[in-house]
Amino acid sequence: MSTATPTRICVIGAGAAGLASAATLRRAGAEVTVLERLKVGSAWAARYDCLQLHTVRWLSGLPGYGIPRSSGKWPSRDAVVDYLRAYATRNDLDVLTGAPVARVDREGDGWTVRVAGGEDVRATRVVVATGYSNVPYLPEWPGTFAGELVHSSAYRHGGPYLGRRVLVVGAGNSGAEIAIDVARAGASEVLLAVKTAPGLIRRDTLGVPSQLLGIASARLPVGMVDRIAATLRRAAFGDLSELGLAAPDRPYSEFLRRRVIPIVDVGLVRAVKDGRVAVVAALERFDDGKPVLADGCYFIGLGNVDMWYRGTLRVESRDGQVFASGDLYAFDLSSSGMAEQIVG
Ligand SMILES: Cc1cc2nc3c(=O)[nH]c(=O)nc-3n(C[C@H](O)[C@H](O)[C@H](O)COP(=O)(O)OP(=O)(O)OC[C@H]3O[C@@H](n4cnc5c(N)ncnc54)[C@H](O)[C@@H]3O)c2cc1C
């Protein structure tokens, strides 16, 4: 049964998009109700503790009320949540929280928005602003992992990983930041499994946010942006191909082709150069409870070495550094060149 509530426009979702739409529509004279399944800004509130905006504060605000200066150049997760809540209050938005929309039906000349466990809302227009990154995606790798498998949406901080070996799968921005975070928190070993070498940009150069180049690039010839981006990357990071992070020749064309946002470097490159995070091949499957990487390398616990090789091993890098003696790190004994010799 529809309980008519006199709402002209119903916005579903009280994240940045929903709040900005609601405030703008309201300013234009519409009557607007926002339905939010949890709380205002809950998508941001649920993200990992160390998250900061990659987009600079003064280009990240919503219409009519920017993010306060006190949030700094790169506002933290909590500052973003506070801002979204202040934005709703300041714009006097009618937000119904704890109102999960289950479905929307066309009825007569309008819509009936059905709230699970709540009253239906009638609207002439509906804005769906439920976010594009709120449903975790976990690929179905063949086999079963014997360890703990955690999706990035459930990751909060590195505390639980102290002294543990961690394989972070996927080199997007979340993967890169989580790899650094667990390394900082004292994980005994951190590997970052990379399928396609990611684009890499600095968050800013000499104080100028890379976001500005991103905005300008839409108006510049693709070849010119490619040259600028390749030069900036070379100048910022040098050649990382030996470390598993080869640079594309034409970074901007590659971005246009794949539509994958480059990693905004907030410490990954330093961590890879220092050996706190090691880049390895993509995760392919689980075998006997253990990850197997696309280059055929096993990622196994040191205690399980004899499952792979029986005997005492000594693994050296080109500069003579001993990576394992008596024990074996069974990753990266591949063509990537980290291990020069294996002495049985
Ligand atoms: C790790 C990470 C870092 C990011 N960093 C940046 C950055 O630095 N700069 C930037 O511009 N963007 C960044 N983004 C992208 C960012 O998520 C978006 O810019 C912004 O949060 C999207 O806002 P949104 O309103 O579309 O969605 P969301 O913020 O996801 O909000 C959607 C809202 O809809 C609600 N909802 C969902 N389903 C229902 C339902 N059925 N009924 C009622 N309510 C519902 C949710 O609870 C949520 O509150 C980042 C994203 C991630 C994942």
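Two strands count as paired if DSSP finds at least two bridges between them. Helices (H or I, at least four residues) and strands (E, at least two) are DSSP runs, numbered from the N terminus. This is a predicted model: local features need pLDDT of at least 70, side-chain atom pairs count only at pLDDT 80 or more, and totals for chains, interfaces and linings use all residues. Numbering starts from 1 along each chain as its sequence is written.

**The sheet**

Leucine 167 has leucine 191 in S9 as its bridge partner. S8 and S9 run parallel and are joined by five bridges. Helix H4 packs on the sheet and touches S8 and S9 (contact: C-beta atoms, placed from the backbone, within 7 Å). The direction of H4 makes about 170° with that of S9. Axes here are lines fitted to C-alpha atoms, for helices over the stretch in contact; angles run from 0 to 180 degrees between N-to-C directions.

The open sheet has three strands in the order S8-S9-S14, with parallel pairing. S8 and S14 are the edge strands, each pairing on one side only. From one strand to the next, the twist averages 30°.

| Strand | Residues |
|---|---|
| S8 | 165-169 |
| S9 | 189-194 |
| S14 | 278-281 |

**The ligand shell**

Around the ligand lie 27 residues, of which Gly13, Gly15, Ala17, Ala43 and Gly131 come nearest. A residue is near if its C-beta atom, placed from the backbone, lies within 6 Å. Helix H1 (16-27) and helix H2 (42-45) are the elements giving two or more residues to this shell. H1 supplies the largest share, three residues.

The shell divides into twelve nonpolar, twelve polar and three charged residues. Ala, Val, Leu, Ile, Met, Phe, Trp, Tyr, Cys and Pro count as nonpolar, Asp, Glu, Lys and Arg as charged, and the others, Gly among them, as polar.

Conventions:
Two residues are in contact if their C-beta atoms, placed from the backbone, lie within 7 Å.
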